[in-house]
Amino acid sequence: MSALASAHSMLNSGSLKARMAMTSILGAVSFTVIIALILMGLGSSYWMVIAISVATYATMGLGLNVVLGYAGLLDMGYAAFFAIGAYTSAILTVNLEWNYFLSIPIAIIVTGLAGIVIGYPTLRLRPDYLAIVTIGFGEVVRTAFNNWQYVGASRGLYPLPNPELFGFKFDTPDLQLLLTAVLLGLVIAFVNRLGISHIGRAWRAIRDDDFAAEVVGIPTLRLKIGAYVMGGAIGAVAGAIFASRSVAIDPSNFTLFVSVQILMIVVLGGLGSVRGVLLAATIFVVLPEILREVQEYRTLIFSLLVIVMVKYRPSGLIGERVSPDAAALPSLNAVGSGDTATVAEPPGPPEPVELPGKEPRVARGEALLRIEKVTQQFGGLTALDDVSLTVRSGEVLGLIGPNGAGKTTLVNAITGVRKPTSGEIWLGDEKLTGTKPHRIAKHGVARTFQAIRLFPQLSAIDNVIAGEYQAAHLGVVDALLRPRRERRHQAETVERAMALLDQLGIADSALRTPAELSYADRRRIEIARALASDPELLILDEPAAGMNPSEKRDLVEILRSIADRGIGILLIEHDMPLVTRISDRAAVLDQGRMIALGKPDAVLRDQRVIDAYLGSASKGDDDGSA
Amino acid sequence: MSSPSTSREGKRPWKAIIASIVAMFAVSVLVAACGGDDSDNSTGPIKVGILAPMSGSVASDGEDIQNASEMAIESVNADGGIDGRKIELNVADDACEAQQGVQAAEKLVQDNVVAVVGGYCSDATLPAMEVFSRSDNLPFVVSVSSNPDVTESGFENIVRLIGRDDFEAPADVAYLNDVVGSEKVAIVHDNTEFAVSVADNMKKEIEENGGPEIVYFDAVQPGSNDYRAMLDRVEREGADTLFYTGFYPEFGPIARQWSSLGLDYNLVGGTSTINSTVSELAPDAVTDDRFSIVTYPTALLLQGKEAKQYRADYKEKFGNDPGPYGVFQYDAMKTLIAAIEEDPADLSHEALNERLKATELEGVTGSIKFDEKGDRTAFPYLAVRSDGTDFVPEYSVGEDGTWGESGK
Amino acid sequence: MDTLLQTLVSGLTVGSFYALVALGYTMVYGIVRLINFAHGDLVMVAAFIGWFVLDRTPVGDLPPVPQIAIAAAISISATVLISLGLLKFIYRSLINYPLGFMIVALSVAFALQEIIKRVFGAGDRAYPPYTISTESIDLLGITVNRMDLVVIGLAASLMIGMLYFVNRTQTGMAMRALAVDHDAARLMGINVKALIAVAFGIGAALAAVTGVLSGVYYQRIGFEMGFMLGLKAFTAAVVGGIGNVAGAMVGGLLIGVLEAGVQGYLSGTWSDAFIFGTLILVLYLRPRGLLGERVAEST
């Protein structure tokens, strides 16, 4: 069990600990405060105010990083959050004479609510539409502040009071820097915590392929809104920092151009990389101060840098390093090279992975999945015509049929990708029709795709872990406030994922990205990802495609052992010998109709089935023989 | 298939590059941070800070401000300076933006200047004022920022050369009353801070002190090209005059479409609409009797002897015509120099602030004298129309605040 | 009543500009399904190229019609070349990385603005005055600038041309096939790479026409003129149904008339907010746009 050992060593590796330090509030705040103290020691208020500018941009960058870097949502109106945060804080302190520190949580809440209001309708749109809608949102918000007399309309609010705590005024640059450093430290800690949490992992899966993420059980819409709202909340903190130190705010501080600048900082730093954003924000603010000539060319230089970066180094100045696996590379190298010698040998009989006990929905051999009179029409075309089918617990049911027979359409209907025109689908006593894909996954249906859909930027093990999301009994509060629980959860998920990869014989590829793997290995990762959700029904869409005979033999054994655990398997496959060898029963679809069902051998000898396959090749002969 | 070890090696040059960038950066920041100037300012050259937008969208005006400042000290330095001390300029770029404004202000404070002259965008000026006031009320002679808050916030260290936005509105309304004789006016702005505040103040002025009925009050979107829908609406609302408080890039097309639609009402532009491009785009409009622009006495419009000298000197020294607002910076510098000359031995902030407020002199932009807030007591607005080649003053505001024919 | 017509004419003219830019968006989007944020700035670059030819070269000494024709031809060729260059050296490798593509396109937009600002200065530039764009005529009791008719007519004929191209020519039909399914199109022997280039080229040509036309009509051009125009045109394309040639025209005119109508009858202050509000509303109620999009759904 070298792979399991490596999973342990991964978690114990030193670099991981180092990274975890920045998820500690104390650690991150000390880091920023020490830098602040050094600058204060130098005694130049000029450099202190520059540091405050850096912190403002860095905070905004970190907030956008949650939206864009973690979740992959192109928000081009991020300045709107910055504006709402700054204005909320300013209204509370100026118009209502609240204490500044009380205004910060309110600013966060108001911005979060704005995020929900705008995010809910727009985040279901295609990602490119989101970009344009968020630009619109940014402009609408700015126009609103520009015309709202209560906040001074275009003139803005002036003067804003200095922050005050128990009569102690933060009225000099050094004190303001200290305050800003504490806020930035908190933001760094929370952003890091989000990044390593189960939510952060799910966000990255969404960023890579939101459709696949939904189907493996990640509630994508809710998590996108979550990213948008949390990014917005951090923008509110940046807004509050800005409001406290710039004495005046007016709508011209929050233009589209500001959104674009923050976007550039995040891309330059590296999508998802906290340290990258900090570095990029520093360069963005400080470089023009050192080299005055740069000031004039800043936008040009940074636009060109972004173009070059995205083209040649998409990971940014400092690529994100949040998954534990990347940090554990050295320890795995040893394991990997050890295993290369044995790669040619078929893996031994797979040992079942211990999955957390879940009460099976139905007894072994009982009907698990019931498809009842399902019809699916696209326009005038009937893709499924009154199909009924049952998959029993613990059986392998082969679903065959010529191309275009409706096999994948049926899978899409089961997994909630598309609601059938009529008919119902049940899993045990749970009705699946009309349910969202991620709920169906949570109910215990997992699938693979005909055209493999792995998360391309995630390593194999992270792909598998994405499948475990729906089993995580953790929430936002855990992600933000209970890093220890998150770490424990992560240790468990890594261990289980490694065990699954090991079972499928690809443990030594755990840290590679899909692009680095062979086609067959990618299929195996997809199967491991499907198994990771601890399904009761596993749907495999042509899993053997691209596999050589020995790999197919392994696959048969793996599938057999899965079925032996009481999991129902719906197997779509073109490889007839494989279907015959593995299936308990076989069903045949032709032109959307179920034309045969029974023992595989018998079904394949059925005249109608033969006709269907021949017929799909040459329609003309069909009529004569019928 | 690349193994993990090779892919890591591939990243190494990047790491080195990034590490060296970070290191260079840290070193230069440290060097710069330690290089503060702690010298006493009672000997050596007199350092004067210039706060201006040297980058960003209004950088050309920043350059004009810098040029005007240089011209103002030229003769003083040529005569051996004040009390043997030459004046040295220290220019800080506020980029017309709040964060940069604070940084630039702190830089000037760190460099130990005796006073700061400048301020163009109030976005940058207001936060900078806060910094100066915190630094023992470092004297700040504001040249071009017209936001009323600059002198309304109760700071001790401010005097201002240009007219306030809320000075403009009464002058605009008086112009409508005295010269245009308007009874129904349409006021249009462009949603920007300056234009909205002039428009709002006009409305307030009319409500408080009487004037034409406002039949239409709205904005256009800056950057659009077609304003006919708005122009038409103004006609429909029955206005006899359209007053536009926005900026010249929009005023050009507005004037042009106003004239091509053959509309019946008068067209008047506010202080930010004067620019040669307006004549270029709307040659028919700018010579029309019903067209006029209310403006500050900008460098090209001033008629006095000093103003002609200023224009000639500027052109000779820098090779081009002065920008519109540099002349206020020039007068601001002259005001500061006068205050310094009064007692060159005592340049403490307190003494200098006191003397600045009391300064009286004849500047290029007219008589300079400050009220207790630091604003000029009388402000000489002009109303201009084109004679086919240049804008020429037709009317001006007298000492009593009423408009009359401009004495040419 | 005649003021309503007047507002309508103004709206249709502005809308025709939006429609021309939207047409370019739709061509590119229909094929690569990516927003080219720099498209609006191509209009700006084209306007400046046209200005340069008219103002700084001997072409400016010719009579109006030939000088505009030559300036337009040069501007169109140069803009198409720039667009193809951007495609070849920058965009091509990012077509399968939508997030990267959009971020890069945005950066290209700002880089173009900065470059033009460096080369031609931050101030506005003016095209020479042409009588066709300064003199008005009386039409059915409303004052119409003759350029209004030129702009609307040109936009309409270009749209009809595009409809013909897409529906009747082999290249056009191949593009439609490509819009439906990249892989299938490739299997059918369609040269995907070449068609993407054709789409970018047509888009750039339409952008160039828009830029020069805008300069000739309004005279005023500036480095910031393109970005907002591009955003509104994209909005128009989405409202009409992206990927749909007729939709781009309908969407463009609709947005133009809406803008003029809001300015003329509601509130100019809020007109941009209205446009983006319309976009959000349309996406919410009719996500495929008014005429329906011609882009295959993603599964």
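## Where chains C and A meet

Let's start with the contact here: chain C brings 33 residues to it and chain A brings 28 residues (two residues are in contact if their C-beta atoms, placed from the backbone, lie within 7 Å). On chain C, the side touching chain A gets at least two residues from each of α4 (98-120), α10 (225-240) and α12 (271-285). The largest share of that side comes from α4(C), with 13 residues. Helices here are DSSP runs of H or I, at least four residues, and strands are runs of E, at least two, numbered from the N terminus.

Sorted by class, the side of chain C that touches chain A holds 25 nonpolar, 6 polar and 2 charged residues (Ala, Val, Leu, Ile, Met, Phe, Trp, Tyr, Cys and Pro count as nonpolar, Asp, Glu, Lys and Arg as charged, and the others, Gly among them, as polar).

## About the model

This is a predicted model, where local features need pLDDT of at least 70, side-chain atom pairs count only at pLDDT 80 or more, and totals for chains, interfaces and linings use all residues. Residues are numbered from 1 along each chain as its sequence is written, while chains are lettered from A and ligands numbered from 1 in the order in which they are written.

## The sheet in chain B

Over in chain B, an open sheet of 5 strands runs in the order β2-β1-β3-β4-β5, with parallel pairing (strands pair if DSSP finds at least two bridges between them). At its edges sit β2 (87-93) and β5 (158-160) of chain B, each pairing on one side only.

Inside that sheet, β1 (residues 46-52) and β3 (residues 115-118) of chain B pair in the parallel sense over 4 bridges. B:Ile50 has B:Val117 in β3(B) as its bridge partner.
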